[in-house]
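Visitor: I am new to this structure. Could you show it to me and take me through its aromatic rings?

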Amino acid sequence: MYGTAAGNTLEKRAAQEDVELAPSAALDEERVGTQSFPLAKFLLATILLVGAIAVLSSSGTQQNAATLTKMDAVEIISSVPVSDSPGTDRKPREYVKYSADLFAHPKVQAAFDDVKRIAYQHVYDTCFGPENNMDAYINEKVMDNDLMFNDGMTVFNLDCRDAEANPLIAFIVILDKQGQIVNVHNPPNRAESVNMYSTDTVLFSCISKGGQWLWNWKTDATTKLPWTMDAHTLNYVAATGNFYGLDRGDKFSPSTAVGYSSDGDRIWEYENEGSHINFLSIDGDYAYLSLRSFSCLVKVDMRTNQVIETIGGLDSDFTITDITGEVSTEGGWSHQHKFQHLDDKYASLFDNHVNNEKSFIEDSNSHMRVLKIDSEAKTVSEVFAFDTGDKSRIYGGADVLPSGNVLGNSYPMVVEPAVEDRQYHVNVWEVNMATNEADWRLAFKGRNPVDPANLRDPYPHYFYDPENPDGRVPTGWNIYTADRAYPTVFALNLCSANGGRSLRFSPFNTVRTQEDAPGVAAVVLGGGEPVAQKAFLYQKAWLNRPEEIDVPAGAGATFTFWMNNQWDNQWAQEVNMAALETCPP
């Protein structure tokens, strides 16, 4: 209508290509459908595991832990008995519950039918069901604050693994705020990094040989990207057309960050040996790397590969005050995931809170955290910490949303089907920073990978793998991290500035980006041409950064306020300047 900000060529190429993998090509040696381990081995493991899990008593009596060792060093622990479960109720206040059935979706059913034709029956038996496995708990009164102008969508990879943590089947899922499926895609293998490339397109990175992909969730067109990278993290910088991720590392532990052009040319690399990089974020010439092994975030100048500063860990350059007021240099987090740069003053992370032996420090839970950074004073203050109530050795995130809420995910060590709050394999949270309570919870039920027909007794949600640096890796259904997207841009906090001569607004893009993204605002009279325009930049991580646009004297008391972005996801709202509150100083 009034023009858009600059687009990019790769998006157009993605829209033109519709690459579909045939079932046989969509599988590799790490997917059970192609016999990643012999059937006899699977049956032996199942028999042993069922024997071990039999020590769990449905009456709630604590039994001795059973540990079995064989060629894969299987470990089974005794579950927390039902009678000793923490007395938690992590549902939002005044919630409304919505349920959905992943397995009723035609594309999900088709994916399972394909697996049944080319793989063992146990893929279907382990992963299909139960019905209505997705529950959304929503405090709708407060959630309207975040979704006032848009139907926000939550995006993630949801994948199922067997009792030995072998990946069986996976889906890229887009849900609306009631937890209903907007669309779903069956990738070649489970994805870890899943984020938005644009409003209509998801960028995801699969494990093993699954590759890196773009999926347009509106048209179902897919494009395979021209390189092979690790699955932990993959981000796109629209201004340059470059992608940033990791080289695949030995034993699931990548330590080399890389950059590629859209044509597949390698343009940058940085190695930090033994660091286990699990996320990177880009800001101009700088890369911010989440180093799990060292419990820190490092800022690297990509022009020189010099480390500019380190937050957390033994080599921290900062004095850190945690949410309780305790002061240290290492920080109160440990072996985190998705430690990310939000801007020069804020960062966020998911604190798995395990030590070098991957045991939980002081038996505490995993947390979502937001930090405030003062680079000049070399201080960091924790401004938000949410106890998920779960002990998640790996995975997780903490993304700030336009409302100021924080989106993240976690999973439990033990699944307890008979306990309402603890019956789920994985949780996605939206937490109100002001109250430190969940306003929205998505939770996903699944089957016991050892005994899929048993929907009553507790069972471990992990498998011990001595070759994996994380040790106990999750089984059943899992989410690596979750992202949020909106169908149009929008503005919050509209108010009257400069004695009514200007409109102040907080603009928000449809998706989070790696760098601030171009936008434009306009004052429009009577549906005609704009009488005032302003170009601005959307803050990349949805932090609140107000803008102002002058309102011409002849505009009158009422007009249309209009905004757009580089993908033409425009938005408009009628504004009565006389009815607006005066902006704070």
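**Aromatic rings**

Guide: Start with Phe103. This is a predicted model, and Phe103 has a relative accessible area of 3%.

Visitor: Is Phe103 buried or exposed?
Guide: The cut-off for buried is under 20% relative accessible area. Phe103 has 3%, so Phe103 is buried.

Visitor: How many aromatic pairs does the structure hold?
Guide: Two rings pair if their centres lie within 6.5 Å. By that rule, the number of aromatic pairs in the structure is 26.

Visitor: What kind of pair do Phe103 and Phe112 form?
Guide: Their centres are 6.0 Å apart, and 65° separates the planes. Planes over 60 degrees apart count as edge-to-face. The pair of Phe103 and Phe112 is therefore edge-to-face.

Visitor: Why is the pair of Phe112 and Phe128 called edge-to-face?
Guide: The ring centres lie 5.0 Å apart.

Visitor: How many residues apart are Phe112 and Phe128?
Guide: Phe112 is in helix α3, residues 106-118. Phe128 is in the loop between α4 (121-127) and β2 (134-138). The pair links distant parts of the chain, and the separation in residues is 16.

Visitor: Which residues do ring pairs link into a cluster with Phe103 and Phe112?
Guide: Phe112 is buried, as is Phe128. Ring pairs link Phe103 and Phe112 into a cluster with Tyr124, Phe128, Phe171 and Trp477.

Visitor: Which residue lies over the face of Trp440?
Guide: A charge sits over a ring if NZ of Lys or CZ of Arg is within 6 Å of the ring centre and within 35 degrees of the ring normal. At 5.2 Å from the ring centre of Trp440 lies Arg484.

Key
Residues are numbered from 1 along each chain as its sequence is written. This is a predicted model: local features need pLDDT of at least 70, side-chain atom pairs count only at pLDDT 80 or more; totals for chains, interfaces and linings use all residues. Side-chain values use heavy atoms; hydrogens and water are left out. Rings of Phe, Tyr and Trp (its six-membered ring) pair if their centres lie within 6.5 Å; planes under 30 degrees apart count as stacked, over 60 as edge-to-face and the rest as tilted. Buried means under 20% relative accessible area, exposed over 50%, partly exposed in between (1.4 Å probe, protein chains only). Helices (H or I, at least four residues) and strands (E, at least two) are DSSP runs, numbered from the N terminus.
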